[in-house]
Amino acid sequence: MVSLVRLAPGEGEDGVTTRPPGLGVPGGDDLAELLEPVLRTFTARRPGEETASIVRAAEMAAAAHEGQFRQSGEPYITHPMAVAGIVTDLGLDAPTVAAALLHDAVEDTQVDLEGIDRALGPVVASVVDGVTKLDRLQFDSKEEQQAATIRKMLVAMASDWRVLLIKLADRLHNMKTLSALPTPKQKRIAEETMEIYAPLAYRLGMQRLSGELEDLAFPYLYPTEYKWIINSLKYHYDERVKYLSRVKPMVEKALDEADIKPLLIDFRAKRYSSLYKKLLKYDMDISKIYGLVAFRIIVDTVEECYATLGIIHKLWPPLPGRIKDYIAMPKPNGYRSLHT
């Protein structure tokens, strides 16, 4: 059975604590400074759209969370601001950003849905209501805590897809600040993130967010293995991403000179959690892992695909035995590509 319960401040994953009103509450210039990155990103992602509702929601959230602090000691308003920043970076609209700013207000403050409706309209109130209901989900038995069951429950309860995106953004920021919580809570939340929220993000097509959630949970679930991987890698994740960023313009220039117009060029560095899963298949022998970085070029024709491979091999000589031709021999699912 699923029960809906009201968590008292301090019991939730955010670790809300209260202090006398007026302490640590951003307002005026402080609030404007906190909100500025959110508004800047929103304007860049959605030029020409109104931002007044976002400002109203920020003011309402700051007043509602007055006197509340996170376990880290930061004013609580920094959390909804961070969630709004993640949602904004995803390119979502003003009502969603406003709802992100108020996503904890009904649960943890005196603000109610009627007040949000009056101030910001029924759409924002509805999305906040959806997030609040998800936050109240508790599972009574171990059987009901199966990850697949919970994922289905989350999707079924979220009548608006924006509710799920705010919940994922909320989880992402909580994972970034997880170190402030007691060890038992850290492990519980990390397990939940790895088993429920990361796969949910992946199934919603948000691979980058899914990978980030897994990487944030990994050190809490496998601390020894995490330290071993960090110490074993010559180049860490951020360095590999920077390397790929330098490679991309070189590839673009070489293809342009050959009059090849790619449909897409993108790249990724293998994340620590994904690397660990692969290492398990190779007896933890890191020398057998070739995919620490991956670069993908999509072109229009088979001829261009082979020509592109030749251009890449002029820039970087191939490793013997590491070229795979899935065009001549497609995978059973129809996948056709050249790997080097």
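Trainee: Why does Leu204 count as partly exposed?

Mentor: Leu204 has 40% relative accessibility. Buried means under 20% relative accessible area, exposed over 50%, and partly exposed in between (1.4 Å probe, protein chains only), so Leu204 counts as partly exposed. This is a predicted model, where local features need pLDDT of at least 70 and side-chain atom pairs pLDDT 80 or more, while totals for chains, interfaces and linings use all residues. Residues are numbered from 1 along each chain as its sequence is written, and side-chain values use heavy atoms, leaving out hydrogens and water.

Trainee: Where does Leu204 lie, and what does Leu204 touch?

Mentor: Leu204 sits in the loop between α10 (183-203) and α11 (207-221); helices are DSSP runs (H or I, at least four residues), numbered from the N terminus. Not counting residues up to four places away in sequence, Leu204 touches Leu164, Leu165 and Leu168, contact meaning heavy atoms within 4.5 Å.

Trainee: What makes α9 largely enclosed by the rest of the structure?

Mentor: 14 of the 16 residues of α9 are buried, so the helix is largely enclosed.

Trainee: How do you know that the span of α9 agrees with its 16 residues?

Mentor: The expected span is 1.5 Å times one less than the number of residues. For α9 (residues 161-176) that should be 22 Å, and the end C-alpha atoms are 23 Å apart, which agrees.

Technical notes:
Helix = DSSP H or I, 4+ residues; strand = E, 2+ residues; numbered from the N terminus.
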